[in-house]
Amino acid sequence: MRKAKPKKRVILPDPVYGDVKVTKFVNHLMYDGKKSIAYSIFYNALSIVENKMKDAEKSSIEVWKKALDNITPQVEVKSRRIGGATFQVPTEIRPDRKEAISMKNMIAFARKRSGKNMAEKLSAEIMDAFNEQGGAFKRKEDMHRMAEANRAFAHFRF
């Protein structure tokens, strides 16, 4: 490579939970640099989750982390051209990319939901992902199904 890799930026932990993962999620959630609004949406969503899941022994942040784990894909398919034919080659995903994909999927499917505001939609998506259902979980299942169906082309991995 001609140029040096750019340095990874240090992401500061969030003010309430002191967790870097929360800050990354809020950064994906944010529109037009409005981070304080994104934080308020996220914290409101977690409070809604806490109110709706009172009987659960887990806190809302633990529910959110478990939900993210449930929708994190392990493998994906990448298109690879070999001799004029395009194959869908299943490849494992790097850990940082796994995290980013799961966060983006959760936010995308929360935005697609019908509901009053983004905090309610996000809380509904978090609870669905925690219970292994909802759009983001289905997306992960589809990714795994595609990889399983194209397992015969795994030897084309690069």
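A charge sits over a ring if NZ of Lys or CZ of Arg is within 6 Å of the ring centre and within 35 degrees of the ring normal. With that in hand, let's work through this predicted model.

**Exercise 1.** Find which rings Arg 111 and Lys 112 lie over.

*Solution.* Start with Arg 111: it lies over the face of Tyr 31, at 4.3 Å from the ring centre. Then turn to Lys 112, which lies over the face of Phe 109, with 4.7 Å to the ring centre.

**Exercise 2.** Classify the pair formed by the rings of Tyr 17 and Tyr 43, and say which parts of the chain the pair ties together.

*Solution.* The count of aromatic pairs comes to seven. For Tyr 17 and Tyr 43, the ring centres are 6.0 Å apart and the planes stand at 55°, so this pair is tilted. Next, place the residues: Tyr 17 is in the segment before helix H1 (20–29), while Tyr 43 belongs to helix H2 (residues 35–52), so the pair ties together parts that are 26 residues apart in sequence.

**Exercise 3.** Decide whether Tyr 39 and Tyr 43 are stacked, edge-to-face or tilted, and whether they are buried or exposed.

*Solution.* The centres are 5.6 Å apart and the angle between the planes is 15°. Planes under 30 degrees apart count as stacked, and Tyr 39 and Tyr 43 form a stacked pair. Both residues lie in helix H2, four residues apart, about one turn of the helix. Tyr 39 and Tyr 43 are both buried.

**Exercise 4.** Name the residues that form one aromatic cluster with Tyr 17.

*Solution.* Tyr 17 forms one cluster with Phe 25, Tyr 39, Phe 42, Tyr 43 and Trp 64.

Technical notes:
Residues are numbered from 1 along each chain as its sequence is written. This is a predicted model: local features need pLDDT of at least 70, side-chain atom pairs count only at pLDDT 80 or more; totals for chains, interfaces and linings use all residues. Side-chain values use heavy atoms; hydrogens and water are left out. Rings of Phe, Tyr and Trp (its six-membered ring) pair if their centres lie within 6.5 Å; planes under 30 degrees apart count as stacked, over 60 as edge-to-face and the rest as tilted. Helices (H or I, at least four residues) and strands (E, at least two) are DSSP runs, numbered from the N terminus. Buried means under 20% relative accessible area, exposed over 50%, partly exposed in between (1.4 Å probe, protein chains only).
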